[in-house]
Amino acid sequence: MTLYIIANPHSGNRSAKDIIATLKTHSEQNVITFFTRYRNDEENQVKQVLKSFQCSQDKLLILGGDGTLSKVLYYWPAEIPFAYYPIGSGNDFARALGLRKNPIQLMKSLEKSPKEITVFTYQKGLVLNSLDLGFASWVINHVEHSKLKAKLNKYHLGNLIYVLTAIQCLIKKPAFASLVLENEVGESIELKDLFFFSLANNTYFGGGVMIWPDATAYSGNLDCVYAKGETLWKRALVLLTLVLKQHKRLNYFQHQTYRKITLKPAESSLIEIDGEIVSLDEVTLLPQKRYIYL
């Protein structure tokens, strides 16, 4: 067996090379590493791996944050299992699935049968954790343009930038979201002026903030969660509900589940998918089975 690694050397606190060295000490197999060299280089690295990858005996490990994992899987054949070692700032996908930063545990998982999960594909990629408009997209957009994020990552405090930006979002008036949702049988609903909107395939976003307690990649459903926040006080209550995990006890959120969904955002809406801002006039999300070593 050969263990192929696709790694993002810039994820989190840039610890990829050190972790790979540790993994090699716990592996009796040949290890071949491919580093992403620039933004959106995942497609090239997948092509390089597949040139010599033998499905019957080789294994793939993806090492990076949720964004790296999402991009690699978009190009990786759906029927071939993968392993994941999280080193990003948020690591929400790993948190929801119970993955730990443990090299020994990781190597043992490669000897087990993979588990089935569901991701959701769209025109330009796939959704691991969530697609968000309103508050979450506003926060992510500002975090990605913040010079403070890199400084905090050096001290393993990357999650703090999300908290600071969320507080800023309360003080400033954020970009509210308006959209139309169309389900698989053609039924549509129009949602206007939302402070918070999320289509969640997993429990968390933003470094451990709960989107919806039942949302999981094991279910095959998308959980649609949204809320209005016309005033500062109402926005604060929405965020407190998220932080205190009181989604079901308090009535600030609306919730539905879908198997397939088409989203048509208003022209001014920011769309965030797995920690990255995307530009799309319409998004259709379709379920896709994947297989992961846990």
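**Notebook: confidence, sheets, helices and rings**

I started with confidence: in the chain it is lowest in helix H7 (residues 148-154), at a mean of 56, and highest in H2, at 97. The score is pLDDT, the predictor's confidence in each residue, from 0 to 100. The chain as a whole has a mean pLDDT of 88, with 90% of its residues at 70 or more.

Ground rules, written down once. This is a predicted model, where local features need pLDDT of at least 70 and side-chain atom pairs count only at pLDDT 80 or more, while totals for chains, interfaces and linings use all residues. Residues are numbered from 1 along each chain as its sequence is written, and side-chain values use heavy atoms, with hydrogens and water left out.

**Entry: the parallel sheet**

I looked up an open sheet of 4 strands and found the order E2-E1-E3-E4, with parallel pairing. Helices (H or I, at least four residues) and strands (E, at least two) are DSSP runs, numbered from the N terminus. Two strands pair if DSSP finds at least two bridges between them. The edges are E2 and E4, each pairing on one side only. On average, neighbouring strands here are turned by 20 degrees against each other, direction ignored.

I then checked strand E1 (residues 2-7) against E2: 6 bridges join the two, and they run parallel. Ile6 has Phe34 as its bridge partner in E2.

Two helices lie across this sheet. Helix H1 (residues 16-25) lies across E1, E2, E3 and E4, at about 170 degrees to E2. H3 lies across E1, E3 and E4, at about 145 degrees to E3. For these angles, axes are lines fitted to C-alpha atoms, for helices over the stretch in contact, and angles run from 0 to 180 degrees between N-to-C directions. Contact means heavy atoms within 4.5 Å.

Inside it, 5 bridges join strand E8 (residues 177-183) to strand E15 (residues 261-265), and Leu181 has Leu263 as its bridge partner in E15.

How many of the residues of H3 are buried? I get 8 of the 10, so H3 is largely enclosed by the rest of the structure. Buried means under 20% relative accessible area, exposed over 50%, partly exposed in between (1.4 Å probe, protein chains only). The buried ones are Asp66, Gly67, Thr68, Leu69, Ser70, Lys71, Val72 and Leu73.

**Entry: Thr36**

I placed Thr36 in the loop between strand E2 (30-35) and H2. At 4% relative accessibility, Thr36 is buried. Leaving out residues up to four places away in sequence, Thr36 touches Ile6, Ala7, Asn8, Pro9, Asp41, Glu42 and Gln45. From Thr36 to Thr68 is 32 residues in sequence and 9.1 Å in space, C-alpha to C-alpha.

**Entry: strand E13**

Strand E13 (residues 222-227) has 6 of its 6 residues buried. Leu222, Cys224 and Tyr226 point one way, and Asp223, Val225 and Ala227 the other. E13 runs antiparallel to E10, with 5 bridges, and antiparallel to E14, also with 5 bridges. I followed Asp223: it is the bridge partner of Ala200 and stands opposite Thr257 in E14.

**Entry: rings**

I searched the whole structure and got 10 aromatic pairs. Rings of Phe, Tyr and Trp (its six-membered ring) pair if their centres lie within 6.5 Å; planes under 30 degrees apart count as stacked, over 60 as edge-to-face and the rest as tilted. Phe53 and Trp76 have ring centres 5.2 Å apart and planes at 90 degrees, so that pair is edge-to-face. Phe53 is buried at 10% relative accessible area, and Trp76 is buried at 1%. Tyr4, Phe34, Phe53 and Trp76 form one aromatic cluster.
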